[in-house]
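Look over the sequence and the model first, then read on.

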Amino acid sequence: MDYTLSVLVENHPGVLAQISGLLSGRGFNIRSIAAGETEESTVTRIIMAVEGDDRVIDQVKKQLDRLIDVIRITDLTRVPSVDRELALVKVSSTLSRRAEVFQIVDVFRAKIVDISHKSLTVEVTGVTEKVEALIEMLKPFGIKEIVRTGRISIARGEVVPEKGGENRTS
Amino acid sequence: MRMPGAKMVVEALKHEGVEVVFGYPGGTIMPFFDFIHREDIRMILTRHEQGAVHAADGYARATGRVGVCVATSGPGATNLVTGIATANMDSIPIVAITGQVPVDMIGNDAFQEADIIGISRPITKHSYLVRDVADIPRIMKEAFHIARTGRPGPVLVDLPKDVSVATGDFRYPEHVDIRGYNPVVSGNPQAIEEAMDLVRSAKRPLIYAGGGVITAEASGELTAFARKAGIPVTLTLMGLGAFPGTDPLFLGMLGMHGTVAANQAACECDLMIAIGARFDDRATGRLSQFAPKAKVVHIDIDPASISKNVVVDIPIVGDAREILRQMLKSAEPLPIDSWREKLMATKRDNPLTYRKDCAVIKPQYVVEKIYELTGGEAIITTEVGQNQMWAAHYFRYDRPRTFLSSGGLGTMGYGFPAAIGAQVAFPDRVVFDIAGDGSIQMKIQELATAVLNELPVNIAILNNGFLGMVRQWQELFFDKAYAFSCLEQRLSCPRHCNNPGNECPPYVPDFVRLAEAYGAKGIRVEHPEDVGEAIREAIGSPKTVILDFLVAREENVFPMVPAGAGINEIMIG
């Protein structure tokens, strides 16, 4: 199963290396990881999609929590949240098949953001399943390159649910 | 007050009450050495940086204070790595200060540059690369705070040369404010209450305690609790000394080389109270046979240790001393006489023992004699392997911080520098490094450190001419093929030999002459009847002493549970 963790960390150099090193060193499986600044400049938010079961994720949270630079971990897996991923997909497209691509892009409410004689670049935003569905649809045309951001998530409503915060320590 | 960065670091050490630093100078760290040279802080120059970090570790384990070591950039820093990892695995508070190339040269493959922050990240509790001289007071304050609080561990401070010569204002902060770091101290009262309910209804309770009890200075509370309730106690290797080794309730160490009584208790108990122990594989054996019928209460300062290997029924996160104090309040004698008597009978019928020999020195006998002749008052450090297990078996530790051993990482070469650190902390106490002839050679150069600093450390080498534990495994699990475990094997020896005897070539080095070459005292002991006298002579000598005990070459450590087997599948020997 895929879990989504939202991790607030100090915006220090090396903190991303520290987190990815910890996860790989302890044998955890990361699907995607996305980091960016937050409303506060000293804080970075890292959203990671982690594969495992409840026990594995419990360890992931606890081990992350041991890091001094980790401020807070929120588990968004089972709380209502808005999940998004952005992908840029470069598709081969000759003049004759362009219309078909445009149609598919339209259905997915995606956008064409670049165009040349032999290719199109599609920008799509949405939940991971949607992104993957579009990619699937574009495959027959010949995909030249895919760039994905990895999933980012935010809890719905006003309250930010905290998890893993009750056991903070060492 | 304005001062250079290197002086700030020294001032910070003074504020932290540091009385001794172990280290080795070099290019980028020279400004630090220049300032510490002028201060009233003792500086012990080791002969290798690994010696410095192990000595700081030994000092920390013996005293409970933060150990400090210093090295230069590049190779100086990388030589610390094994020692930092050793401290990290055993949760020992250390602040390691390394020099670094100037900030604008970092990443350029400069002379003696190594990314020690990157290298040490998985083996430190935390680390700092100091980029601005103004940050030094805060960073030093945080480094000591992080090293000693929560689950302690090593913190590395990497100090670029230009930062250490730049000047800034020094004002040492009084408080630490790290938003991501707030260790829980007091345990959840409700969980403590639930744990005590289980204790009251248990028929076969067992306390399984580890090094965390020593770290938390909770030995007194543990002892009082166990005695009040009458619960038998087993300890991990790291826990030895946390509960008196001579107490009738003590079953001995558990695990791979645990006693029959301790391992049986761990198998049969219906309540396991784990305190400051982390269910390490060397303690538990195959997990399915470890306390299979038991409810488990786990007291630990580190939430990540809880339910990592064994799923726990009642976790209590917090300081072991605080929690045991709470538990002690409602503890009452338990009606578990039959369980206790059964274990006492097992203990009586299966003591740690070995076949005595009047012609050849048995290594166990040497440890027994050290115990006897020091009245159990010595600080014992160990190397790793058979020597470590015999030191754990045949010396009974009644007090915490008297058994210093690399438990988690299992670092050969740890014991001697750790003994130096302990002796620096306690100049008047008797300190023995119980060593193997293999391990001691990993850090033998620190003889110079011990001799020049007039440290009367005693090194008892249990010299069997083998990497003994490797040889034991080869005998038991590899068809007695002694592949590269014989330290006497020369070019002229047959490639395959499992038959050590009188025709074997002489041992290299001659430890007695080596001791003398360093200005230490060397005593070779070849006969059992001379063991006691030699130990007495070493204890009475103001010099650093090497005791070279030529012991039975193929003696094995028993009891033994094969790796991966259940804890009740014990080989007695």
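In what order do the 6 strands of the open sheet in chain B run? The order is S3-S2-S4-S5-S7-S6, with parallel pairing. Keep in mind that this is a predicted model.

**The sheet of chain B**
- Strands of a sheet pair through backbone hydrogen bonds, either parallel or antiparallel.
- Strand S3 (42–45) and strand S6 (126–129) of chain B are the edge strands. Each of them pairs on one side only.
- On average, neighbouring strands of this sheet are turned by 20° against each other, direction ignored.
- Strand S2 (residues 20–23) of chain B runs parallel to S3(B), and 4 bridges join the two.
- Val21(B) has Met43(B) of S3(B) as its bridge partner.
- Helix H7 (residues 136–148) of chain B packs on the sheet. H7 touches strand S5 (94–100), S6 and strand S7 (154–160) of chain B. The direction of H7 makes about 160° with that of S7(B).

**A helix pair in chain B**
- Helix H16 (residues 363–373) and helix H17 (residues 386–394) of chain B pack at an angle of about 45°. Their axes are 9 Å apart.
- That angle makes H16(B) oblique to H17(B).
- The crossing of H16(B) with H17(B) is right-handed.
- H16(B) contributes Pro363(B), Gln364(B), Val367(B), Glu368(B) and Tyr371(B) to the contact. H17(B) contributes Gln386(B), Trp390(B), Ala391(B) and Tyr394(B).
- By class, this contact of H16(B) with H17(B) has 6 nonpolar, 2 polar and 1 charged residues.

**Where the chains meet**
- Chain B has 22 residues in contact with 19 residues of chain A.
- The side of chain B that touches chain A has 11 nonpolar, 6 polar and 5 charged residues.

Terms used. Residues numbered from 1 in each chain as written. Chains lettered and ligands numbered in written order. Predicted model: local features only at pLDDT ≥ 70, side-chain atom pairs only at ≥ 80, totals over all residues. Axes fitted to C-alpha atoms, helices over the stretch in contact; angles between N-to-C directions. Parallel < 35°, antiparallel > 145°, perpendicular 65-115°, else oblique. Left-handed = near helix turned anticlockwise from the far one by under 90°. Contact = placed C-beta atoms within 7 Å. Nonpolar A, V, L, I, M, F, W, Y, C, P; charged D, E, K, R; others polar. Pairing = 2+ DSSP bridges.
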